[in-house]
Structures are given as structure tokens and as C-alpha cells.
Amino acid sequence: IDSASGMKLSGRVTEISRRGCYVDLLNAPMGTALDVRISRDQVTFVTKGKTLYIHIEEGIGMGVAFLDPPEEQLQILDSWLAELPSAASL
């Protein structure tokens, strides 16, 4: 959700870390303050965020930085990250 306008953006997260994520979506706003909600298996990670960059030429999407997620939200994110295959095994 764009914090200033209240406009809801919906996309698919294709990369994620403790610091941020990449979201595939159309019409990504640059430099926008966001209220981030990422849902997976009935659980939702919620934090403030900011659009850092937009990719237009290679497909449309945006890089989002997470801004000071609360500890309980980091625990949700950490549990998801622990389920991902490690880079060494790829």
C-alpha cells in the first residue's frame, strides 16, 4: 500500500531477504513509502518499506527495502528464510 495515497499495489515476491525483497508488478512507484504486507500459508509479514529501484526493461518490478521491521515480524520472515534452499546447494 502506498503510504501517501493509500493506493493498493499487488504483486508477486520473487526474491526476499531480511533487508528487502523484489516484487513483480505493473506500474511500480519510485521512491514511495510503503506499508508492506507479504502473505504465505495463512501468515502475513507486515512492515514499513520504501521502493528503491524499478526495472522496466527486463520485466516490470521493483526493489523494496524493509524499514525497521518489528522483532515479531522478523521472526516470521526468519522462519520463511530458513525454509529456502541455501545458495551452496543450488
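**Close-up views of a predicted model**

**View 1. Ile 54 is partly exposed, with a relative accessible area of 26%**. Partly exposed lies between buried, under 20% relative accessible area, and exposed, over 50% (1.4 Å probe, protein chains only). Ile 54 belongs to strand E4 (residues 43-55), where strands (E, at least two residues) and helices (H or I, at least four) are DSSP runs numbered from the N terminus. Twelve residues separate Ile 54 from Phe 66 along the chain, and their C-alpha atoms are 16 Å apart. The model is predicted, so that local features need pLDDT of at least 70 and side-chain atom pairs count only at pLDDT 80 or more, whereas totals for chains, interfaces and linings use all residues. Residues are numbered from 1 along each chain as its sequence is written, and side-chain values use heavy atoms, leaving out hydrogens and water.

**View 2. The largest nonpolar core has 15 residues**. Such a core is a set of buried Ala, Val, Leu, Ile, Met, Phe, Trp, Tyr and Cys residues joined through side-chain atoms within 4.5 Å. Ile 38, Phe 45, Met 62, Val 64 and Phe 66 have the most contacts inside it. Two or more residues each come from strands E2 (20-24), E3 (33-40) and E5 (61-67) and from helix H1 (71-82), and H1 gives the most, with four.

**View 3. Asp 2 is buried yet has no salt bridge**. The backbone nitrogen of Ala 4 lies 2.9 Å from a polar atom of the Asp 2 side chain.

Conventions: Lys and Arg count as positive and Asp and Glu as negative; His and the chain ends are not counted. A salt bridge is a side-chain nitrogen of Lys or Arg within 4 Å of a carboxyl oxygen of Asp or Glu. A polar contact is a pair of N or O atoms within 3.5 Å; within protein, one must be able to donate a hydrogen and the other to accept it, and residues adjacent in sequence count only if both atoms are side-chain atoms.
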